[in-house]
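Here is a short briefing on a protein model, its fold and its chain contacts. Please look at the structure first, then read the notes.

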Amino acid sequence: MRVHKVAAFFVRDLLWDLSYPLNFFWRGASIFFSLVTFYFLGRLVIGGASGHLAAYGGGGYFPFVLVGLALAGFQNVALNSISRAVQYGMYTGTLEAMLVTPTPISTIVFSSVLYQFVSALLSILVYLAFGALLFGFPLGQADFLSAAVMLLLTLLAHLPLGILSASFLLIFKRGDPITSLVGHLSALLAGVYFPLSVLPGWLQVVSFFLPFTHALEGLRQAVLNGRTVMELSTQVMVLSIFAIILLPLSLAVFSYAIHQAKRLGTLSQF
Amino acid sequence: MGTTPAVAVSRLSKFFPLITLRRLLTGTWQQGVWALQEVDFELFPGEVLFILGPNGSGKTTLVKLIAGLLAPTNGRISVHGLDTARFPLQVKRRLGYITCNEYSFYGRLTGWRNLAFFAQLQNLDPKTVIPPVVETLRLTEYLDRRFFTYSTGIKRRLDIARGLLHQPDILLLDEPTTNLDPLSAAKVRQLLIEIQARGKTMIIVTHRLEEVQKLGGRVAIVKEGRFQEVTREAGENLEELYARMVEENIHAGS
């Protein structure tokens, strides 16, 4: 993958984003309003939930949910960005214009989502900064190296699902079942808004098979309890297994989907 | 005329299966449409081939197959002797595909940024390759404006500029004057004449017979997936010839 090509995609997407300056403001505002809402909700649920939240730094509901919200945005990008980039390229014809250049499809696809990942990372920082500056979110004990490792593993474990989703769209255009299913299940069962201990036992078993469950637990332990990478070995191992199995599988499926799209003539259809 | 064809197409066929869930479940997914059948031709460096034919006859499919955007069902395409299936990246360096799709740019970015992006995908330095191309196409004054502010004629010229950035030997143009007003179409036609004078090999899909008359070159008609090259006698009326050819059934190999 040539660096100058990757940089070209990044600059393209940055300039595109900068052409909508108000969008930056509203993205920040959206994070702020979301935090205000959960801050007051956190004051409401104090006490009754203390047992369930004891494992997360002892700061109550607000720090717990802030990490959940921030990582949910990141997961959303990992799940949806590739399929959105592919859909946009197919819809406008820019995908064909790129495919006639001597640029491998893998470079096109992965470079097309780089800016979105950087943007999603910045959103996490905005969540943490707003939380710390305005609502007393405790950042003092965070282990940032562990947090960075958890983010990387979250990306590697979820990106294959996004690649599978894009593969589906290349051939069937719409109705992708992967991101909807994983996205909804993760929001419900992975523990974005509430600790898994409040779920019935059998649902906790289901949640174990979602990579996002382990990503959330790992990031919360890193940020709220200052756990080191070694102390998060269970989460690191589980997310690594998801990534090791799913990444090559998804790339093979994507390659097959491109071949089929060329055979079926669906690259420029939408 | 060189000995190795710039483009050689041999027994090329393209079948589009029509896949639906019901067909997958009932095992009838093999049904579909033959978009092209048994196409054969050779085009030598510097030659221009016009491809005419009714809508939906397979003209765009043929150009997309040569550009590598579609995979042939049968047959072989080679560019300067290189098989497009085996050497796709090498072939792409020698081909310029002008999509003539005005949406295939980034509307919020300037003309310069659009060209710079595609130049970088061609492994080229934008500052070196863009100025001479845009000067030739008389686009320099527009480059600082956002793409969405352009008229259709300027968009089309930028499309041609994109296809010329890497100085390809062969240009593929899919209806280069469609949707243009007569003046803009005349400008694009003039540009094609200038490009032709530089010895480029061109395959031009068109519905406009005046393009064939102005530029001159070989003519082929595609109808219902059948390709037939037309041999014109001196002074023969192209319009009448086209009408006759399209009304008749064209049989492969005839």
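In chain A, 77% of the contacts between residues at least 6 apart in sequence join residues at least 24 apart. Two residues are in contact if their C-beta atoms, placed from the backbone, lie within 7 Å. This is a predicted model: local features need pLDDT of at least 70, side-chain atom pairs count only at pLDDT 80 or more, and totals for chains, interfaces and linings use all residues. Residues are numbered from 1 along each chain as its sequence is written, while chains are lettered from A and ligands numbered from 1 in the order in which they are written.

**Chain A: fold**
- Chain A has twelve helices and zero strands. Helices (H or I, at least four residues) and strands (E, at least two) are DSSP runs, numbered from the N terminus.
- The radius of gyration of chain A, taken over C-alpha atoms, is 20 Å, close to the 18 Å that the globule rule gives for 270 residues, so chain A is as compact as a globular protein of that length. The rule is 2.2 Å times the number of residues to the power 0.38.
- Along the principal axes, the C-alpha atoms of chain A fill a box of roughly 60 × 45 × 30 Å.
- Of the 270 residues in chain A, 43% are buried (20 or more other C-beta atoms within 10 Å of the residue's own, placed from the backbone).

**Chain B against chain A**
- On chain B, 27 residues are in contact with 24 residues of chain A.
- Elements of chain B giving two or more residues to this side are β1 (7-17), α3 (88-94), β6 (95-98) and α4 (111-121).
- The most comes from α4(B), with five residues.

Definitions and conventions:
A residue is buried if 20 or more other C-beta atoms lie within 10 Å of its own, exposed if 12 or fewer, and partly exposed in between; C-beta atoms are placed from the backbone.
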